[in-house]
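Reader: Please take me through one part of this model in close detail. I would like the contact between the two chains, and then what lies behind it.

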Protein chains: 2
Amino acid sequence: MNELNAENSENSVFKLGRALGKSLEAVDQVIISRLNKSIPLINDIGKHLINASGKRLRPLLTLAMAAQYNNYSKNSIILAAAVEFIHTATLLHDDVVDESNLRRGKKTANIIWGNEFSVLAGDFLFAQSFELMVETKSIEALSSLASASCKITQGEFQQMQIANRPETSQKDYFDVIGKKTAELFGASCKSGVIIAGGNVEDQDAAYNYGFNLGLAFQIIDDLMDFNNLPNKMGKNLGDDFKLGKTTLPIILAWQKSNNIEKRFWIKTIKELKQGSKDLTNAIEIFKKYKIFEECKKKSQEFIFESIKSLEKFPNTEIKDYLIGLAKESIERSR
Amino acid sequence: MNELNAENSENSVFKLGRALGKSLEAVDQVIISRLNKSIPLINDIGKHLINASGKRLRPLLTLAMAAQYNNYSKNSIILAAAVEFIHTATLLHDDVVDESNLRRGKKTANIIWGNEFSVLAGDFLFAQSFELMVETKSIEALSSLASASCKITQGEFQQMQIANRPETSQKDYFDVIGKKTAELFGASCKSGVIIAGGNVEDQDAAYNYGFNLGLAFQIIDDLMDFNNLPNKMGKNLGDDFKLGKTTLPIILAWQKSNNIEKRFWIKTIKELKQGSKDLTNAIEIFKKYKIFEECKKKSQEFIFESIKSLEKFPNTEIKDYLIGLAKESIERSR
């Protein structure tokens, strides 16, 4: 899950970050002070992750949703920090589960410190996120983020279950990415509205914006495994392919493939027997069937839904940036 | 962390379980229904763990503390289930971190399903515990258990940092076991009082009972690595020794050891160069310096504190059992 591209300094994430700059700095302060209060090794691992994790996209969503109500409260900042801790905890455990060695161009924590410390540091950040949420005394925000946390782990489980299975249905794939990625986007947005006192309809609208954005975001992320722009930081090209992960390009290509191509997917994805040219071969099949275009079209549909969910909010600068952020999220890949 | 011995059917845990039988059954129902609602593999792992984990000691403490106020509410049951989920989650991650293969005579989940599923199942149970707590709408109970969860992971970290260091101070050792074991005992008790509406003094007294019980419990558990009664289920004799864990017997023996014995500890605990007779050799040194007796004396002091904390509660059958449970916790080892 790479963060949005910050190269274009005038993109909407950048503008949103500038508009919410003071709050975002306060979020970083909360994160750093909590890590400092822990024991030194957790502090090191936490800071490594927090520094590597880029744009603070999820906390930004929480802050932006609250800002739509002119709420820039301490509680919105605490919740935003909690959201980032949940996200960071899942990254740590993801890397252990995936046996990754690179994230956003940096060595992953499990490689530097070992799996056992990564497991424990993830647990600490997760527990710390709940301590932060408790401070806001908002049972509703806690409920939303606890539910998302449950679904994230269920999604990770299900992702492992569909791994090496190119015959997976689109429905099962969307169920997986809904849980493992989109739920936290949704809950990050919803909790911002909750903490600002928005009504249930607004909470649901914010959740839908985030959830659909998360789906689009994950599809593009999966696409970038095969189709990354040059000079981007990020995971290695073909990382998911090497692990035999079942992502949307694979599923769509499998459905269209002839028997020879199906045998190729069985060999590379099911049996993980991969030669040095197989990533290129896979990309050739994707090009033949215009798979990248189809993935982009799918993510555009989710972005359309996402933006539609914002209709009920008043037209503000913040809302413009949220719309822009959604549109630009698709432009990360070629 | 083995559970109390159930062989003597008339011990206090058994009596407490009988007195709170209906509530305890309801706790199991909550646990099972939550696992059933999750995906099948989590269900399998969860049930394996829950079945293996024995006496439900921590939920029993939550229920017992609430029962002192004649509170047998749905919320006390939900909290007790949440406490068991936190405990089970930490066991799953412990076994990954320790690379264990046996717990209470059963294969550990990481051996059966692999580390990645154990990490994810632990995450799920932990997230599920927070979903349960949220249902009680008690910010105070959430706060107590979130804080304990944070401290557990800090304790696990610190335990790894003192590993292979027999020169560790008693203070550092008690800090570790306070966090990794005693905090959850304390919070289990405290949350029972919170949910029953007890005042802050009562909450603190319940916490102190549980915290001191937890310290004594962990000392005896550490002792049992060298000194287990026959025909007990449980982890293998010498498991901690093989890993070079720094436990109280090792620390006390190191302080008294002559130069030859110190070299033995350096070889076996620091350098992990262990021969087939080294466990027996270690036990011989313990016997020479009456280390087991000293450990028991230390745990008796904590049990004394634990029981003293109950003074402010009215004299009831439940209180008698809690006192008995504390006293009997020392009798688990020879």
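Author: Two residues are in contact if their C-beta atoms, placed from the backbone, lie within 7 Å. The model is predicted. With that cut-off, the contact takes 32 residues from chain B and 32 residues from chain A.

Start with the side of chain B that touches chain A. Four helices of chain B each supply at least two of its residues: α3 (40-52), α5 (74-98), α7 (115-136) and α8 (139-162). Of the elements of chain B, α8(B) gives the most, with 13 residues. By class, this side of chain B has 18 nonpolar residues.

α5 of chain B supplies at least two residues to the side that touches chain A. B:Leu91 is found in this helix. Is B:Leu91 buried or exposed? The cut-off for a buried residue is 20 or more other C-beta atoms within 10 Å of its own. B:Leu91 has 22 such atoms within 10 Å, so it is buried. Along the chain, B:Leu91 and B:Ser299 are 208 residues apart. Their C-alpha atoms are separated by 23 Å.

Then a helix pair within chain B. Two packed helices are described by the angle between their axes and the distance between the axes. Helix α9 of chain B covers residues 170-195, and helix α10 of chain B covers residues 200-227. Their axes come within 7 Å. They cross at roughly 140°. The crossing of α9(B) and α10(B) is right-handed. The residues of this contact divide into 14 nonpolar, nine polar and three charged.

Last, the fold of the partner, chain A. Its secondary structure comes to 16 helices and two strands. Chain A has 334 residues, and 55% of them count as buried. Take the contacts in chain A between residues at least 6 apart in sequence. Of these, 76% join residues at least 24 apart.

Methods. Residues are numbered from 1 along each chain as its sequence is written. Chains are lettered from A and ligands numbered from 1 in the order in which they are written. This is a predicted model: local features need pLDDT of at least 70, side-chain atom pairs count only at pLDDT 80 or more; totals for chains, interfaces and linings use all residues. A residue is buried if 20 or more other C-beta atoms lie within 10 Å of its own, exposed if 12 or fewer, and partly exposed in between; C-beta atoms are placed from the backbone. Ala, Val, Leu, Ile, Met, Phe, Trp, Tyr, Cys and Pro count as nonpolar, Asp, Glu, Lys and Arg as charged, and the others, Gly among them, as polar. Axes are lines fitted to C-alpha atoms, for helices over the stretch in contact, and angles run from 0 to 180 degrees between N-to-C directions. A crossing is left-handed if the near helix is turned anticlockwise from the far one by less than a right angle, and right-handed if clockwise.
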